Amino acid sequence: MRIAPFLLTITNDEEGCRGLLLAGDAFVKNYQTDKALECYAKLKNDLLNLESETADDLFIDMAIKTSKISTGKQSAFDVIKILEDAMKRAQRKNDAAAQALLQMHIAKNEWLLNNFDKSLKIFKKGLVLANKCQDEKLLRSALGLRMYFSYWQGRFRDVISNYEEIVSDVEKNPQGGLPLLATVTVGQCYAYVGQITQGLGMLDAIRTTCREKGDLHTLAYATGAINSAIVMIRSVDETLQYVKDTHDEIRRSGNHYIELLYEGFLAYLYYLKGDLARSVEYLENFIRKCSVINIETLHNTYYMLDLCWAMEQGRYPRVMDLSLEQEVKKLIAGQNVFLKGWAYRYKAYLDIRAKRPAKDVMQSLSQSLRWLEESGHDFEIQQTRLELMRQYLMMGDQAEADKIKKRISDVFPQYHDDMIPPELKAILRQRPSSQTYLKEILKFGSDIMTLADQKDILPRIIAAVNQLTGAERGAIFLAEQNDGQLRLKLRASKNLTPEHVAHPGFQSSLEWMEKILREGGRAQTFIRQDLSPTRPQGPLSDEVIRSRICVPITYEDKAVGVLYHDNRLLHSAFSESDVELLMFFASQTAVILNNIMVNEELQACNLKMREEKQYEEQPYYTRRQISGIIGESSAIRQMLYLVEQVAVMDTNVLILGETGVGKDLVANALHYRSARQGKPFIKANCSALTETLINSELFGHEHGAFTGANTRRNGRFELADQGTIFLDEIGDLPLGVQANLLRVIQSHEFERVGGNKTLRSDFRLIAATNHDLQQLVEEKRFRADLYFRLNVFPIRVPPLRERKEDIPLLVHHFVRLYAQKMKKDIKKVPSAEMNKFMQYSWPGNIRELENVVERGVVLSASSVFRVPDLDSKIMQISKSEPAQSLADNERNHILWALEQKNWKIRGAGGVAEFLNIHPSTLAARMKKLQIKRPPKDA
């Protein structure tokens, strides 16, 4: 960061551009996004004057990072232009992963401009490409962006479903291993779908993490999400006070996006409070700032419709020609299902005001309910149902009104009275009978028991109790005896992490649970309330648990654990009737825990049997391990591009290359990046199998098929069913076997040796050879029809002499590998030693290089690696030549390196990097030694 001011004032070469990128990244890590954007903007301008692969990589990286931090800070139009320029560079270098990520970021910014259809089309295209790439880091980014897109489409329930698919039984902090910002979105969605206290618990945990990290930018997102949630459960005055108390925190964060939302939200709260002057002031600021950065989506926040409706009714001053009818049309035509559902409710209000027929009003409300249910926003679903109930009452249809009342009476108590229309409050005060309530709970419990995967049941039970009782957090603790002492082990949880359990403020809860566990059914009370006053600094605190409820989990008259829930918001969150509910779920949990234990024992037995079977069949199976293909040369990148393109297909692949180039690694990559990756990967080395046994090995044999066939044996094609078979050195396959192989490739059918039953195998074929198969065909040593069947998609693995720039990477990799194995502390490979590797011709390719490095590690007695003697292929200076001065030797060596790197001095793959010296030092040595690049025609 210290060099950033200097780099911002000069025109930078590639090295300077890399420094600017690093400086911008450092500012991001220190949450100084404005300074980071300044670095990225300067980097963009400097890179426009540079044309190289390194410049393209830097530009792509800069564009994506700009998109990540620019929301609310600069025009979405400008960001799209940068991303599109980066896309051209990614297409030029055939970088599929970069293209996928750039497309998804372009889609994000198109969405901010209200270009919804175009945005979704681009995003889906990017997502398809990302899935094809099978890059773990890219797929994680795609998962986060997919969650954001679901959120931007108002599909809050989808966000929760995607999240709950990837979290473990016991939640970690940050939740589920996702980026914090993505988890903020999840917490907000929990609140929207009706699990408000659970959502607030998650958001408060994120705020704590952000404070510890100093991540004020993400902390502002979490605070904004809490603001939008607490308005549903607190009075307007309490919410307004909380939002005002958090303003300084948001302003210090520098998060302009949340500051914008903050002003719009304050306009809405002051309207609810009745302070119209301050409301109008905030609303005007909000709209003006939105237009400056061209983010039209911010106009479509849900509270804008409330304010526009108040304008239509004359209860709010007209502001900037806002029109409810225009806003409603825009949202109905949009892609956000939540806003669409909200808009249809206001369309019903406009229908009522225009005195349209009742059927038109009911149709608008039905459409509102449809889209809101698709969204999952529980509070707004109930609001639309309230309006439907009002319309049925006005039409005199008491029966339909009672049906709706029955559905919403149990839901609204978790929301604050300020959010319920005054004329409907009296109607909703009547609660259903406890018998009806318990019946619904039992039905819900039965639904949980039908889940196919038992590992999902425990978190679902906890989430159900959270929702039904209003608990914020919940957990299942199991009893363990350690040295005669009773201990509780966290088994599953929602919003309660191991860090929370270890907090001193949770100790009293642990002691209380242990007491209940020891006393079992003799415990006198299962509820504890804390009547201490609410702390003023915020809604949640790890130090104060205001309400707790806990019941024992008993199986066969033995207490095996407890079901625990608490609330840090409310002093009296639980009632005696909630104990009955927990008792029911505790009994279900006891049965489930026993089933899980039995299932785990069965799985352990099955695993042992599989391991024994795998040991018996070791010649046929290889362990599931993909060794990395190391290299950054253009030759290896081109090969990897072909691997990525064909891996997801079922196409036959022929891998060509000399001995020792790593053809087996390419085969591994093809299998483990395909849809068959979880299925068998069977290998057969055709040159290692004798001609008499090869048919038996490939196709299997029946008992008694030949002398020594004492049992039936499955062949490798049979073992490869649903998976992949890799035939290495297929050029050595005898002609007689080639005919049998041709039939299997064509029909996927074969018979075991000595058998007459036709077997079928669904396999994918990968073959490899170091021979020129076409020449073998001409010499009548290889069948032409088999060659054409195999040569569907050839991939050539380049020999090491064609990718010498990868040698340093390979050397360092193998040195680290064997030094670790031999417990040697080798820290350095000197340039002189590396030059020996570079000058050797490597007829044995990577296999020979690995062997040489292993031998060198064995012989190295210090922390410096020394190359063992190589043969005469190293370019040595003839002893007959006259001795040269040190300067002459240095000049010749630099000239040789310049020729090797095509006179590229700076940047990745340049001579300076190759010789391990600073570019400026190299330039000075070249000047002193009078080294100049010869003319192109020389």
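Trainee: Which residues is H701 in contact with, leaving aside its neighbours within four places in sequence?

Mentor: Happy to. Two notes on the ground rules come before the answer. This is a predicted model, where local features need pLDDT of at least 70 and side-chain atom pairs count only at pLDDT 80 or more, while totals for chains, interfaces and linings use all residues. Residues are numbered from 1 along each chain as its sequence is written, and side-chain values use heavy atoms, with hydrogens and water left out.

Now to your residue. Apart from neighbours within four places in sequence, H701 is in contact (heavy atoms within 4.5 Å) with S696, F706, A709, T711, R712, R713, R752 and V753. H701 sits in strand β8 (residues 700-701); helices (H or I, at least four residues) and strands (E, at least two) are DSSP runs, numbered from the N terminus. H701 counts as buried because its relative accessibility is 7%. The classes are buried for under 20% relative accessible area, exposed for over 50%, and partly exposed in between, with a 1.4 Å probe and protein chains only. One of those contacts has a polar side: the side chains of H701 and S696 are joined by a polar contact of 2.6 Å. A polar contact is a pair of N or O atoms within 3.5 Å; within protein, one must be able to donate a hydrogen and the other to accept it, and residues adjacent in sequence count only if both atoms are side-chain atoms.

V579 lies in helix α28 (residues 576-616) and is buried at 10% relative accessibility. Not counting residues up to four places away in sequence, V579 touches F526, I527, I549 and V551. Of these, I549 is 30 residues from V579 in sequence, with 7.6 Å between their C-alpha atoms. N845 belongs to helix α38 (residues 845-859), and its relative accessibility is 0%, so N845 counts as buried. Beyond residues up to four places away, N845 touches E658, T659, G660, V661, P799 and L800.

Just after α8 comes G154, with a positive phi of about 75°.

Charged pairs come next. Side chains of opposite charge can pair when their charged atoms come close. The structure holds 40 salt bridges, each a side-chain nitrogen of Lys or Arg within 4 Å of a carboxyl oxygen of Asp or Glu. In one of them, R637 pairs with E53, their closest N and O atoms 2.0 Å apart. That pair links distant parts of the chain, since R637 is in helix α29 (residues 634-647) and E53 in helix α4 (residues 53-69), 584 residues apart. R637 is partly exposed at 34%, and E53 is partly exposed with a relative accessible area of 34%.

A local pair is E325 with K329, which meet in a salt bridge at 3.8 Å, N to O. They are four residues apart in helix α18 (residues 324-332), so about one helical turn separates them. E325 is partly exposed at 45%, whereas K329 counts as exposed at 52%. R781 and E779 form another salt bridge, with 2.8 Å between the closest N and O atoms; R781 is partly exposed at 49%, and E779 is partly exposed at 37%. There is also a network of salt bridges linking D25, D61 and K65.

As for cysteines, the search of the whole structure finds zero disulfides, a disulfide being a pair of cysteine sulfur atoms within 2.5 Å. C39 is buried, with a relative accessible area of 0%, and C210 is buried with 0%.

Last comes confidence. The mean pLDDT, the predictor's confidence in each residue from 0 to 100, is 81 for the chain, and 85% of residues reach 70 or more. Over residues 429-433 the pLDDT stays under 50, and the model has seven contacts for them beyond four places in sequence. Residues 872-883 also have pLDDT below 50, with ten contacts in the model beyond near neighbours in sequence.
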